[in-house]
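Here is a friendly note to read with the structure open beside you. Take the points in order and find each residue as you go.

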Amino acid sequence: MELYVLRSKEEIGLEVARRIVERVKENPNIVLGLATGSTPLPTYKAIVKYSLSENVSYKNVTTFNLDEYVGLDENNNQSYRFFMNDNLFKYLDFGTTSHHFPSLENISSYDEEIEKYGGIDIQILGIGSNGHIAFNEPFTDIKEKTHVVKLSENTIKDNSRFFNSIDEVPTKAITMGLETILKSKEIILIATGKNKSVAVKKMLEGTYDPSCPASSLNLAKCKVHIYIDDECYEGMK
Ligand code: F6R
């Protein structure tokens with residue numbers, strides 16, 4: 001694991017976007033694994049900025065999102081498909097069939113589909129305040145592939161900030177499993193803000209602790225880059 005501490009979430013966004021855009025230029029058929037939530041927003045904004053100013057094409061890029069709520073269709077502005085269209089996809093020249101999201105329909109073939117495209121070249125991750133990655137909550141089996149999860153109370157509470165009320169937050173989601181994520185060829189995890197400090201500290205201890213799913217990244221065979229901001233770092237002391 002390689003740790004980078006940068007001043008702000010905006011700086012992280014610029015740095016991670018630079019890395020990704022360079023990789024898209026090198027390999028126009030790249031397969032990207034994408035996260036939603038507030039953390040990757042500065043990265044997506046910077047990817048759009050660099051890609052448009054440098055005329056980078058996404059026509060042959062394939063994307064696989066980590067997760068999706070059960071029960072929200074793509075027109076619902078809280079669905080992750082809506083989020084991705086709104087913050088990244090609509091600005092770039094992706095093909096109409098470039099994007100993949102896990103659903104109740106494709107749940108048993110999602111991992112195979114990823115394999116069919118040659119696997120995920122770069123997987124972007126955020127982290128929950130309880131250490132979850134994608135929607136793999138504490139004590140998820142490390143051998144899980146894409147599966148349905150019941151969201152923990154902690155995650156429902158954290159995510160209620162995006163909804164009008166906590167009652168509107170779906171209680172279930174479909175998520176790539178830890179095994180799916182660990183198969184990626186390169187992983188970039190971003191954590192910004194003080195509320196991530198405890199989880200990040202645990203992840204950086206260097207061993208796998210099932211109470212912190214992000215610590216499973218210590219078992220990854222690929223390169224894992226962890227980007228945190230000063231605020232998250234200060235909270236770890
Ligand atoms: C979303 C996802 C989640 C988030 C995590 C942090 O696709 O995989 O694991 O990364 O819940 O969310 P934010 O970034 O909103 O703090």
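1. A definition comes before anything else: two strands pair if DSSP finds at least two bridges between them. Helices (H or I, at least four residues) and strands (E, at least two) are themselves DSSP runs, numbered from the N terminus. With that in hand, look at Leu-125, which stands opposite Leu-189 in strand 9.

2. A word on the source: this is a predicted model, in which local features need pLDDT of at least 70 and side-chain atom pairs count only at pLDDT 80 or more, while totals for chains, interfaces and linings use all residues. Residues are numbered from 1 along each chain as its sequence is written, and side-chain values use heavy atoms, leaving out hydrogens and water.

3. Now follow strand 6. Strand 6 and strand 9 (residues 186–191) run parallel and are joined by three bridges. Strand 2 (residues 31–34) also pairs with strand 6 in the parallel sense, over two bridges. Here Gly-33 has Gln-123 as its bridge partner in strand 6.

4. Which way do the residues of strand 6 (residues 122–125) point? Ile-122 and Ile-124 point one way, Gln-123 and Leu-125 the other, and all are buried. Buried means under 20% relative accessible area, exposed over 50%, and partly exposed in between (1.4 Å probe, protein chains only).

5. Of its 41 residues, Ile-20, Ile-47, Tyr-58 and Leu-88 touch the most other members. Elements giving two or more residues to this core include helix 1 (9–26), helix 2 (41–53), strand 6 and strand 9. Helix 1 gives the most, with six residues.

6. Leaving aside neighbours within four places in sequence, Ile-20 is in contact (heavy atoms within 4.5 Å) with Leu-32, Ile-47, Ile-122, Ile-124 and Ile-188. Apart from this core lies another, of 31 residues, with Leu-182, Val-200, Cys-212 and Ala-214 among them.

7. Is Asn-159 buried or exposed? Asn-159 counts as buried because its relative accessibility is 11%. Asn-159 sits in helix 5 (residues 153–159). Not counting residues up to four places away in sequence, Asn-159 touches Tyr-69, Tyr-80, Phe-135 and Val-169.

8. Finally, Leu-3 belongs to strand 1 (residues 2–6). With a relative accessible area of 38%, Leu-3 is partly exposed.

Note on methods. Core = buried A, V, L, I, M, F, W, Y, C linked by side-chain atoms within 4.5 Å.
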